[in-house]
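Hi,

Here is the structure I promised to pass on.

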Amino acid sequence: QWIYLNGEYVTKEEATVSVYDHGFLYGDGIFEGIRIYNGNIFKCKEHLDRLYDSAKSIMLNIPLTYSEMEQALVETIRRNGLKDGYIRLVVSRGPGDLGLDPRRSPKASVIIIVEQLSIYPEEAYIHGLKTVSVSTRRNVPDALNPKIKSLNYLNNILVKIQANLAGVGEAIMLNSQGYVAEGSSDNIFIVKRGTVFTPPCYCGALEGITRAAIIEICQKIGYTVKEEPFTLHDVYVADEVFFTGTAAEVIAVREVDARIIGEGKAGPITTRLLQEFRNIVEVDGVK
Ligand code: PMP
């Protein structure tokens, strides 16, 4: 396995960063999780747009141009010989001193890891996941805007811990006003009487690339899709609930806080959206 580390390709053992790296000391940095399907980087432009926007917002200077970054992704995949897999692209503030000041970290660290992906078994997509809501709240737009895909993932880790304690794979996070925001690392959708709903990003959802792809698919195949705030009540009484994310794709939910959703398995709209999604991933991407 070859890892891109600041312009060089090194082995997993050699791929280390300084203990003074502010990504490590302060979670000061940003990242992307990207899929490779059939040798294509899926939604490469969307992921790089989000990365460069996150960087601009936190005044982090990425030492590679957009096309150099794309080249680095392509080359890392080529060296690893993977046709299908997952890319983790991390840009941290880089090594500095023990103080917070980013001016003391003049050189950002850039890391690209490509790996095989193991997520939910195929049967989970048919039977759906069991999930719970948790008490951890999503930060709503402020300095740490959820639109910035930063290395500050403590909120999400706390959600994951609560999910683990409940024995479920993903959990639902609300924002401080009690509206549904998203999962620990997935966006959430519900379906009611044929209409598809997802929380607007101002409710505390990341602008997920899979979320955007699903909204686009809905519009293309004629499902009404609305970005509207909703509560846990709306989730409990929904006909279908599903999560979307780069790793999870489109995964049905069969139970939320011990309420059975619909028929207690992947519903027809969720199933269709997963099918349509899997049809586009094979062809839509950067070679
Ligand atoms: N929300 C959070 C908090 C995430 O970390 C992710 C995964 N990147 C998502 C949603 C899903 O976004 P995407 O479809 O871009 O992977």
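The C-alpha centres of domain 1 and domain 2 are 26 Å apart. In the protein chain, domain 1 covers 2–115 and domain 2 covers 122–286, with the bounds taken from an automatic or database domain assignment. Please keep in mind that this is a predicted model: local features need pLDDT of at least 70, side-chain atom pairs count only at pLDDT 80 or more, and totals for chains, interfaces and linings use all residues. Residues are numbered from 1 along each chain as its sequence is written.

Domain 1 puts 26 residues into the contact and domain 2 puts in 16 (two residues are in contact if their C-beta atoms, placed from the backbone, lie within 7 Å). On the domain 1 side, at least two residues each come from strand 3 (29–37), strand 4 (40–42), helix 2 (44–57) and strand 5 (85–92). Helices are DSSP runs of H or I with at least four residues, strands are runs of E with at least two, and both are numbered from the N terminus. Strand 3 has the largest share of that side, 8 residues.

Now to the ligand. Its surroundings consist of 14 residues, and the closest are Leu-206, Gly-208, Ile-209, Thr-210 and Thr-246 (a residue counts as near if its C-beta atom, placed from the backbone, lies within 6 Å). Two elements give two or more residues to this shell: helix 6 (209–221) and strand 13 (240–245). Helix 6 gives the most, with 3 residues.

Enjoy looking through it!
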